[in-house]
Amino acid sequence: MNWQTLTPEFIFEILSKFLPGLAVPVVEPEFFPWYLGHICSSWRAVFKSYPQFWSTFIIRLDWMGADRYVERALLLTEMCIQRSQTLPLTFQFRYEGMTDFEYSYCHKILKALMAQSTRWLNAYFHIPRSDASLLYAVKTQLPILRTFRLTYCGPLFEDIDLPQCGDLFEDAPHVRHVYIVDYPAWKLNWSSITTLHLEFTNVMQPNLLVNFLQTIDCLEELFLDSWRGASFGSPPRIVLPFLRCLGICTKENLLFETPALEELHINTFSDISLTQYYVWAPEFVGLLNHLKRLVILLTSIEMTIMIFQYLPDTENIDFYVMNLSILKILPLCPSARHLETMTIGISTFYDASYLREVLDIFEFWRMHSNAATGFGRFERLKRFTLKLQGSSRNLTQEYRRFESELTSLLSERGVQCSIIQFRDLNEYEVAILPFDIFGGQEFEYLL
């Protein structure tokens, strides 16, 4: 078969197979696989004409973005809108700028998006709070919107009157997934919400939050960020019978009864005392009998050893560590023998000596046990993923040697191994439950 004479439908299937979840980064287009349009004229025609390749895009504008880059981002956004034809749109619009938003190219990009609001399927906004009212122009024009995020850049505790956006999405009949700040101000059909991520800017009575959450009958995923509850007596218990996924960034004044819980993300232990942990952990962990996946940030050796005492037995844990000293003691985890899938993220930039030290640690792990299966004390381990922060562009030879040696080390024991590089693994955000389809806080274009 001549690959240059394949039918357009077959070419599309090939591209779709190898590029799942493709999104156009309009501010950093160098990370997009434009080379797919350079193979030959027939492949280029398919790549350009099929709207599925252009209906998902990312717009990340920060204060360092020069006008020429933002102007180019506007042109690329308009191109995506045009090439996606009539398909529903999924996009992220994130603005971290310092200039006057309303009179910038950023505002023009937002207006171009708003002109297509009837096509919005998943819309993720992070904009200045004072400019959120601009979205009111599309208030009654969101017929297919399923997912929205509206969070704010800049100060959240401004002592000024700002327009409220609480009724912005009340006329969107199909909304099911929501990420908002200060939920009491919002008017939504809460009974239809299945995914809810909340940020808080004010202290709130725990009982008010508990009563609110228990009115959402179909809630399957919950994330609480920056929760600060007023402390009075014993913490109330939230009963969420259908919740499958929970993410928390605090341990204060809340206990969860979640019999269907399968996935837990915890980014909360770095600022609590040993006494607080020993009081809170037994009640909390006792509710995790059916947990299938745990994602946790380990910030110190002392805290890691303490956490290990209460970790539930689960087959899949993602450990994010801030230094290699913590990595050395992971085999001491009592759950080690139950793990079948493990991910380790190291939120420190690496160099050649750092990679060598990581290899030495894994060789040390291997000697921890003589079990016939798995890797060291991880006797049931079948799949392992290592996430590194940084780029191998300046360490090509060293990185390839590291990748080869680590993969061989694990494959000798029948463990599948993959290594992923990210430009940024922020240690305070890696264990946060992702919300959008781009992978949430951890999403970066692979290097």
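A crossing of two helices is called right-handed if the near helix is turned clockwise from the far one by less than a right angle. Keep that in mind as you look at this predicted model, where the crossing of helices H1 and H2 is right-handed.

- Helix H1 covers residues 8–18 and helix H2 covers residues 41–49; they pack at an angle of about 70°, with their axes 10 Å apart.
- Angles of 65 to 115 degrees count as roughly perpendicular, so H1 is roughly perpendicular to H2.
- On the H1 side, the residues in contact are Pro8, Ile11, Phe12, Ile14 and Leu15, and their partners in H2 are Ser42, Trp43, Val46 and Phe47.
- Sorted by class, this contact holds eight nonpolar residues, one polar residue and no charged ones.

**Two residues with positive phi**
- Most residues other than glycine have a negative phi.
- Gln85 is not a glycine, yet its phi is positive, at about 55°.
- You can find Gln85 in the loop between helix H3 (67–83) and strand E3 (89–96), and its relative accessible area of 46% makes it partly exposed.
- Asp182 is not a glycine either, and it has a positive phi of about 55°.
- Look for Asp182 in the loop between strand E6 (177–181) and strand E7 (195–199); at 14% relative accessibility, Asp182 counts as buried.

**Cysteines**
- With a cut-off of 2.5 Å between cysteine sulfur atoms, the count of disulfides is zero.
- Cys40 is buried, at 13% relative accessibility, whereas Cys218 is partly exposed, at 40%.

Note on methods. Residues numbered from 1 in each chain as written. Predicted model: local features only at pLDDT ≥ 70, side-chain atom pairs only at ≥ 80, totals over all residues. Heavy atoms only, no water. Buried < 20%, exposed > 50% of the residue type's maximum accessible area, 1.4 Å probe, protein only. Axes fitted to C-alpha atoms, helices over the stretch in contact; angles between N-to-C directions. Helix = DSSP H or I, 4+ residues; strand = E, 2+ residues; numbered from the N terminus. Parallel < 35°, antiparallel > 145°, perpendicular 65-115°, else oblique. Contact = heavy atoms within 4.5 Å. Nonpolar A, V, L, I, M, F, W, Y, C, P; charged D, E, K, R; others polar.
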